[in-house]
Amino acid sequence: MRASHILVPTLRETPADAEITSHIYMLRAGLIRQLAKGLYTWLPLGLAVLRKVENIIREELNNAGAMEVLMPVVQPAELWKESGRWDVMGPEMLRMKDRHDRDYCLSPTHEEVVTDLVRNVVVSYKQLPCNIYQINTKFRDEIRPRFGVMRAREFVMKDGYSFHLEEETFEETYRAMFNAYGSILSRIGLEYRAVEADPGSMGDGESHEFHVLAESGEDALAFSPNSDYAANVESAEAISTIDRPLPTAEIEKISTPGILTIEAVSDFLGIAPSRTVKTLIVEGSKGPVALVVRGDHTLNEAKASRLPLVKSPLTFLKEEALLRDTGVTKGSIGPIQLGIPIFVDHSASNLADFTCGANEAGFHFSNVNWGRDVDLTESVDIRNVQEGDLAADGSGLLEFKRGIEVGHIFKLGTKYSDSMGATIQDRSGKNTPFVMGCYGLGVTRIVAAIVEQHYRDETMHWPIQVAPALVHLVAVNNVKSEQVREAAFSLYSRCLDSGIEIYFDDRDERPGVKFADADLVGLPYRITIGERTLANGVVEFQSAGKEIEFLTADEAIQKLINANEGSS
């Protein structure tokens, strides 16, 4: 690549609407340009990175036995109506009509299309398991697109799907995809964590997210430094490490006028929030349900929504319904004689002599004990873990880090095969629905995650495997100096002949401009050719983050060849 021949519109100033490192850098380094809110054009250097990421993904998935296909981005409404999702998908799905007034959508995902494909082309159980993937464009009409390509409306995604006759082969494929994702992220040069996750409405069993560790990450991850245990905070198991003590005092009703929060109760009574419980009332399938957690803990809504009797998505009772259905008001709710089903978090169930609402405005109970003063019907895990909690595998205390979710794998079960009539005859001739797995990887998001993790000290450090090019060749005053021009073009040609990807700054620009752009682009190696070094028969050679070496052209090229071979 010659800088005089390609579009690399670098910027000296930080764009006003850029919020995080990757967005700022990708605009300033000329990797992308915004077309509209959440829509970006990928320019040559950015596209080079994107294609290298895609190639690594292809190689690892093909090695794991997956097959690449390419499915349409525009999808007919009939398939979505068949699965039952046409009317339940929100405004993130962009709908449209063709000239014949038929309904279509711009693909946010491909479960319907791939299920239709397989039910029509897989005609024998002998063709199973079937594991296919694509790297394709998706569109989701985000209400607040932000952070550049990290949360854009249009993006490139690798989505994969597997189809099985039995659970056993699904488990084998799931493990293969889990390992392939790890290999992909490792080859790209990313520090990541695979964490246990909540499959949400999409999944039906085991689920893992893959997070690139970065301070800008939107997700909090809980992990044990002493083992491989890691989980999204939303799904990490919270365990209790103590046994409930015996009661030491009699229950007492205390006047607490105007005291409505755990913090206010704790201050008023001079006790720690961990000695209190809070009772939350949510909608249930047969009426209100109470959820009890320790005062210093927070309810995990994803866990709670999976409880029997609790409606999903989790919905808290509004004030009017709360008073009508339970006779109590917010700020005074407690589990004693509440008269509705109660689920108590493990940590709250291990308390003795605790304080809670008295179900009467302006009053609380102190010295409450389970079994003696209130029945403990069921103890469950419904809270968010906290830093310092014991890890679920018992290996040590949890630590938290931020992560950027770039991948998610989970089991779909028979959700789509049931609704769309996708069946296969088993060995006995019985029609059985396909068991499905789903495996997503955000390709454009991975590029942003690389920047978030490898942009340090105001400088980009591209991993060799995905850098736009291996070496940045800077020719100083090449327009004025025939000697510099000839030496630079000679080295450029020799690199190309040796299979070395090189970005040659041959522009008619001041040296300061060229060096500033070289710092900004951040390629793994830089070679500078000028009249002074040529007079001594050498060039300046610099590896990213290291001191300048003075080498002959032959020595410089050999180093690049060695680096190229080491990265392949």
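These legends walk through several close-up views of a predicted model.

Residues are numbered from 1 along each chain as its sequence is written, and side-chain values use heavy atoms, with hydrogens and water left out. Because the model is predicted, local features need pLDDT of at least 70 and side-chain atom pairs count only at pLDDT 80 or more, whereas totals for chains, interfaces and linings use all residues.

View 1. Let us start with the overall layout. The C-alpha atoms fill a box of roughly 95 × 65 × 45 Å along the principal axes. The chain holds 15 helices and 30 strands (DSSP runs numbered from the N terminus, with helices being H or I of at least four residues and strands E of at least two). The domain assignment gives domain 1 (21-202 + 406-450), domain 2 (252-380) and domain 3 (469-567); such bounds come from an automatic or database assignment. Taken over C-alpha atoms, the centres of domain 1 and domain 2 are 41 Å apart. Of the 568 residues, 52% count as buried (buried is under 20% relative accessible area, exposed over 50% and partly exposed in between, using a 1.4 Å probe and protein chains only). The chain exposes about 25,800 Å², with 49% of that supplied by carbon and sulfur atoms; accessible areas come from the Shrake-Rupley method with a 1.4 Å probe, and for residues only the protein chains shown count as cover. Among contacts (heavy atoms within 4.5 Å) with a separation of 6 or more, 69% join residues 24 or more positions apart.

**View 2. The largest nonpolar core.** This core has 63 residues, and Tyr 25, Met 26, Val 53 and Trp 462 have the most contacts inside it. A nonpolar core here is a set of buried Ala, Val, Leu, Ile, Met, Phe, Trp, Tyr and Cys residues joined through side-chain atoms within 4.5 Å. Helix H5 (residues 167-188) gives the largest share of the core, nine residues. Domain 1 (21-202 + 406-450) and domain 3 (469-567) each contribute at least three residues. Not counting residues up to four places away in sequence, Val 53 touches Ile 188, Val 443, Ile 446, Val 447, Ile 450 and Val 466. In soluble globular proteins, nonpolar side chains tend to be buried together.

View 3. Glu 54 counts as buried because its relative accessibility is 5%. With neighbours within four places in sequence left aside, Glu 54 contacts Ile 135, Val 156 and Val 443.

**View 4. A salt bridge between Asp 506 and Arg 2.** The closest N and O atoms of this pair are 2.9 Å apart. Asp 506 sits in the loop between strand E27 (502-505) and helix H13 (511-521), and Arg 2 in the segment before helix H1 (21-28), so the bridge ties together parts 504 residues apart in sequence. Asp 506 is buried at 8% relative accessibility, while Arg 2 is partly exposed at 25%. The rule asks for a side-chain nitrogen of Lys or Arg within 4 Å of a carboxyl oxygen of Asp or Glu, and by this rule the count comes to 36 salt bridges.

View 5. The side chains of Asp 554 and Arg 494 form a salt bridge, at 2.6 Å from N to O. Asp 554 is partly exposed, with a relative accessible area of 49%, and Arg 494 is partly exposed at 33%. Elsewhere, Arg 12, Asp 505, Arg 507 and Asp 517 are linked in a network of salt bridges.

**View 6. A nonpolar surface patch.** Val 74, Leu 94 and Met 96 make a patch of about 200 Å². Nonpolar patches join side chains of Val, Leu, Ile, Met, Phe, Trp or Tyr within 5 Å, from residues with over 30% relative accessible area and no salt bridge. Val 74 belongs to strand E4 (residues 74-76) and counts as partly exposed because its relative accessibility is 41%.

**View 7. The loop around Ala 392.** Ala 392 lies in the loop between strand E19 (379-380) and strand E20 (399-413). Ala 392 is partly exposed, with a relative accessible area of 28%. Leaving aside neighbours within four places in sequence, Ala 392 is in contact with Tyr 229, Glu 237 and Ile 239.

Technical notes: Patch = residues over 30% accessible without salt bridge, like charges linked within 9 Å, V, L, I, M, F, W, Y side chains within 5 Å.
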